[in-house]
Every structure is written in C-alpha cells, then in structure tokens.
Number of protein chains: 2
Amino acid sequence: MAERLSAEALRQALGGLPDWSEVQGRDAIGKTFIFKDFNEAFGFMTRAALAAEKMDHHPEWRNVYKTVEVVLSTHDAGGVTALDIALAKMMNAIAG
Amino acid sequence: MAERLSAEALRQALGGLPDWSEVQGRDAIGKTFIFKDFNEAFGFMTRAALAAEKMDHHPEWRNVYKTVEVVLSTHDAGGVTALDIALAKMMNAIAG
C-alpha cells in the first residue's frame with residue numbers, strides 16, 4: 001500500500017507540480033484547472049478519468065462549466081501518497 | 001431565455017422528479033446519484049455531459065468515486081427554469 005508522504009517529501013513533490021498546493025484543513029493536495037469551455041473541461045476530465053481508473057486511484061473533483069477543482073488524497077493512508085503525486089502529474093500533462 | 005419557475009411550478013415539477021429537491025440556501029435543485037463504482041459513475045457523467053452540451057445547459061457537479069452530487073440552476077435567470085427540469089429528467093433517465 002502507498003504510504004503517506006512526510007511533510008518534507010510532500011514539500012519537495014509540490015515543488016515539481018505547478019499550481020498544486022496543500023488543501024487547507026485537509027490532508028490533501030488540490031488544484032483548480034480552468035479551460036476555454038465545457039467541451040475542453042469535460043475532455044480533460046474524460047482523459048483523467050481513464051488514467052485514474054487505470055491507476056485504480058480516483059480524484060475528488062467538482063466541475064462548473066469550464067472549471068475543474070481537483071482534490072487528491074489517499075483515503076487508506078490518511079493523507080497524500082506517491083499515488084496522488086503520480087495522478088497530479090498525469091493531470092498536469094493532460095491539461096497541457 | 002428560460003424564465004425562473006414560480007414556487008408553485010417548481011413544487012409541481014419536483015413532484016415528477018424522483019429524489020430531486022431544492023438545495024438549501026441556493027436557488028437551485030439537487031440530487032446525489034450513487035452508482036456501483038467509478039466506472040458507472042463516470043459513465044453516467046459522460047452521457048449526461050453530452051446531453052448537457054447539446055442543450056447548452058450545464059450542471060454543477062462533484063464526483064467522489066461512485067458518487068455524483070448534482071446541482072442545477074440557470075445562472076442567467078437567477079434560479080430554476082424549465083432547462084434545469086429538462087436536464088434533471090434527462091439525468092434520471094440516463095441513471096436508469
């Protein structure tokens with residue numbers, strides 16, 4: 001099972017993840033993606049959903065038209081693990 | 001442009017929409033859909049996204065694994081309109 005990252009490991013990982021940050025009041029990381037329109041936003045979600053399903057690690061996310069707010073955390077580990085960092089990197093790559 | 005429904009028209013419409021209700025503190029209607037797993041939940045979202053795009057009327061929604069929380073409102077009208085009722089019916093039909 002993926003282990004929760006130490007505070008130092010999390011800081012380092014976030015250094016390599018543009019626009020991701022710790023979510024206040026949660027043991028989680030988050031990012032708000034803003035696209036051109038719903039077509040682009042849901043296109044991103046669809047690609048990310050396929051990647052997440054393949055990793056068997058899923059996001060919490062909220063979509064309002066062209067905006068997608070993502071929160072990542074590993075429930076079983078009670079915090080942020082390497083799985084979340086991997087999914088965050090994948091999402092950044094998909095958003096381009 | 002779609003006009004905001006009267007309180008009476010909204011009550012009647014909700015009577016024909018299983019499990020949808022007014023959202024507390026918002027001029028909106030909402031429903032939480034619970035599926036078997038992420039595959040089913042995102043499958044529902046994908047079908048609903050295509051329907052929404054075709055209607056040019058989009059939901060606010062939040063997905064966590066097998067759960068999809070939907071909130072519908074018509075921003076331009078400042079409340080719930082016939083567009084929201086139509087999208088809610090479509091979502092119920094898709095969820096089956």
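## A tour from the A–B interface into chain B

Select Val64(A) and Glu60(B): Val64(A) stands opposite Glu60(B), which lies in β3(B). Helices (H or I, at least four residues) and strands (E, at least two) are DSSP runs, numbered from the N terminus. This is a predicted model, in which local features need pLDDT of at least 70 and side-chain atom pairs count only at pLDDT 80 or more, while totals for chains, interfaces and linings use all residues. Residues are numbered from 1 along each chain as its sequence is written, chains are lettered from A and ligands numbered from 1 in the order in which they are written, and side-chain values use heavy atoms, with hydrogens and water left out.

Now show β3(A) with strand β3 of chain B, residues 60-64; the two run antiparallel and are joined by 5 bridges. Two strands pair if DSSP finds at least two bridges between them.

**The salt bridge.** The term stands for a side-chain nitrogen of Lys or Arg within 4 Å of a carboxyl oxygen of Asp or Glu. Across the interface of chain A and chain B the rule finds 2 salt bridges.

**The whole interface.** Next select both sides: 15 residues of chain A are in contact (heavy atoms within 4.5 Å) with 15 residues of chain B. About 1400 Å² is buried between the chains, and carbon and sulfur atoms give 66% of it. Buried area is the accessible area (1.4 Å probe) that two parts lose on being put together, summed over both. On the chain A side, colour Phe38(A), Phe42(A) and Trp61(A), which lose the most area to chain B, together 35% of what that side buries.

**Further strands of chain B.** Move to β4(B), which pairs with β3(B) in the antiparallel sense over 5 bridges. Here Val64(B) stands opposite Thr67(B). In the hairpin of these strands, with 2 residues between them, Tyr65(B) takes a positive phi near 50 degrees. Strand β2 of chain B, residues 29-34, also pairs with β4(B), antiparallel, over 6 bridges.

**Last stop: Thr74(B).** Select Thr74(B), in the loop between β4 (67-72) and α3 (82-95) of chain B. Is Thr74(B) buried or exposed? Thr74(B) counts as buried because its relative accessibility is 7%; buried means under 20% relative accessible area, exposed over 50%, partly exposed in between (1.4 Å probe, protein chains only). Leaving aside neighbours within four places in sequence, its contacts include His57(B) and Leu83(B).
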